[in-house]
Amino acid sequence: MEGGPGGDAIGAIPFLVASGVNRDRDLIVMTQRGGLYSRPNLACPEIDRFYADAVGLPYDAPSTGRLLVRATKECKDRLTADGIDLSAYNTTENAADFADLRKALGIHRWNVYGYSYGTDLALTYLRRHPQGIRSVAIDSVAPPQIVSLPWTWDSAQEGIGAIFAACEAQPRCKSRYPDLPRTLTEQVRRLEANPLTLTVEPPGGGNPVKVVLDGGALVNLLVADGAALPAIDVPAALDELARGNPERFARARAGGATPVIGEFAYGLTNSVACAEWVPGYSESDLLKAGRRAFPGWPGTVLAHAPQLPFQHDVCRVWNVPDRTAIQRVATFSKVPTLIISGTFDAKTGASWGPYTSRTLPRSTAVQIPGIGHWVVPQSLCAQSVLSSFLARPTAPDTGCVAGLAPKPFTITPDLETR
């Protein structure tokens, strides 16, 4: 079950195969309704083009939000003009589709694996359609009963804090980059007050692009967990930024300038988020959660959920019914469940794994040190645990976890001490 919501499930197949998921069993991957290759496809090229341009705009400026809302409205108007009922794209219907697929394929029992939003979906599926489920493995957990915009700040605090704590635990990193939380707060405040405008080459090469680096952009690069800025480079990147060299962050930001137009189904994202994650919490609630997590940061940064900027405004345009009473419900089940989390995950914090296990009495929760979002493709140990779980769901071998530690962080020369 793919993440997002709105991610390309078919595009994830190479990562799953490389992780050995189908080494000794069949792998079934289905595009979720509204996703790439489905009919209809809820892609929003209008939003893709906005995000391509947005790397050169202040992240959280009201003018940027107005452009996002306009792109969202253009996508919505186009989809609804085609007769698409946007309220039909939600986690309840997604789960029913997978239940129907099992029956259509004539499979008596199968194992379910989901990551990120796919864990929200998998837990909903387990709650509503438990028949025929042998086991469930969820990776980078978003529990349906708790997912909301304020929740994203808790996860950001946990994931970023774990990176800083791991640096503190490595003597060379601690000595070279002291007091990273203070450095980050200083840089968020400085950039939010005085954004930098640069021209840099994207990580994958190509023509240089204009990039605006403000406090909101900096924070979201840390949460994004992308290949453009690996966690092991974060202390070095912050130190360089504080010393007047924003190159690492600027290049990572430039990576957003070249999206694959139409690959991500933002229509599915908004239909789920606006029905299930946004209702029940005001913009004030979101800001309060941000201030609890990062009390020294500017309100203009904290007013926007990481990775979901201006989402309240977007949802006013998208206008789908509130489904929280149906969806924001915990899953109680005795089906064997494996819960995998990465300690560096700033999207779905690692503590939500044990939280989820409290209502799953036959669950095994593991935390993989030094890994961010979507753990299995990044960790040989997680792959081994998953394989043993699929073989013996009630007694997986988690022995490899005990010997793990985060990789050494990147240590750059301290030019001021030369």
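**Entry 1: a helix over the sheet**

I began with helix α5, which lies across β1, β2 and β5 and runs at about 140° to β1. I noted that the axes behind such an angle are lines fitted to C-alpha atoms, for helices over the stretch in contact, and that angles run from 0 to 180 degrees between N-to-C directions. Helices (H or I, at least four residues) and strands (E, at least two) are DSSP runs, numbered from the N terminus.

I wrote down that this is a predicted model, in which local features need pLDDT of at least 70 and side-chain atom pairs count only at pLDDT 80 or more, while totals for chains, interfaces and linings use all residues. Residues are numbered from 1 along each chain as its sequence is written, and side-chain values use heavy atoms, with hydrogens and water left out.

**Entry 2**

Which order do the strands of the open sheet have? I read β1-β2-β5-β6, four strands with parallel pairing, where two strands pair if DSSP finds at least two bridges between them. The edge strands are β1 and β6 (363-368), each of which pairs on one side only. On average, neighbouring strands of this sheet are turned by 15° against each other, direction ignored.

I followed the pairs one at a time. Strand β1 and strand β2 (residues 133-141) pair in the parallel sense over seven bridges, and N111 has S135 in β2 as its bridge partner. Strand β2 also pairs with β5 (residues 337-342), in the parallel sense over four bridges, and there I138 stands opposite I339 in β5.

Why is β1 described as largely enclosed by the rest of the structure? I found that six of the seven residues of β1 (residues 110-116) are buried, so the strand is largely enclosed. Buried means under 20% relative accessible area, exposed over 50%, and partly exposed in between (1.4 Å probe, protein chains only).

**Entry 3: helix α2 and A52**

In helix α2 (residues 45-54), I listed E46, I47, D48, F50, A52 and A54 as buried. The buried residues of α2 pack against α3 (62-81), α11 (247-254) and α12 (266-277).

Not counting residues up to four places away in sequence, A52 touches G256, A257 and P259, where contact means heavy atoms within 4.5 Å. I also looked up A52 and P298, which are 246 residues apart along the chain, and their C-alpha atoms are separated by 25 Å.

**Entry 4: two packed helices**

Two packed helices are described by the angle between their axes and the distance between the axes. For helix α6 (residues 149-169) and helix α8 (residues 180-193), I read an angle of about 135°, with the axes 10 Å apart. That makes α6 oblique to α8, since angles under 35 degrees count as roughly parallel, over 145 as roughly antiparallel, 65 to 115 as roughly perpendicular and the rest as oblique.

Which residues of α6 and α8 meet? I found I160, F164 and C167 in α6 against L180, P181 and L184 in α8. The residues of this contact divide into six nonpolar, no polar and no charged; Ala, Val, Leu, Ile, Met, Phe, Trp, Tyr, Cys and Pro count as nonpolar, Asp, Glu, Lys and Arg as charged, and the others, Gly among them, as polar.

**Entry 5: residues in loops**

S148 has its place in the loop between β2 and α6, and I noted that S148 is buried, with a relative accessible area of 5%. Leaving aside neighbours within four places in sequence, S148 is in contact with W277, Y281 and R328.

In the loop between α14 (299-302) and α15 (311-318) I looked at Q307, which has a positive phi of about 75° although Q307 is not a glycine. Is Q307 buried, partly exposed or exposed? At 32% relative accessibility, Q307 counts as partly exposed. F310 is also placed in the loop between α14 and α15, and its phi is near 55°, a positive value in a residue other than glycine. At 10% relative accessibility, F310 counts as buried.

Lastly I checked peptide bonds. The bond from G4 to P5 is cis, with omega near -5°, and P5 is found in the segment before α1 (13-18). The bond from R39 to P40 is cis, with omega near -5°, and P40 is found in the loop between α1 and α2.
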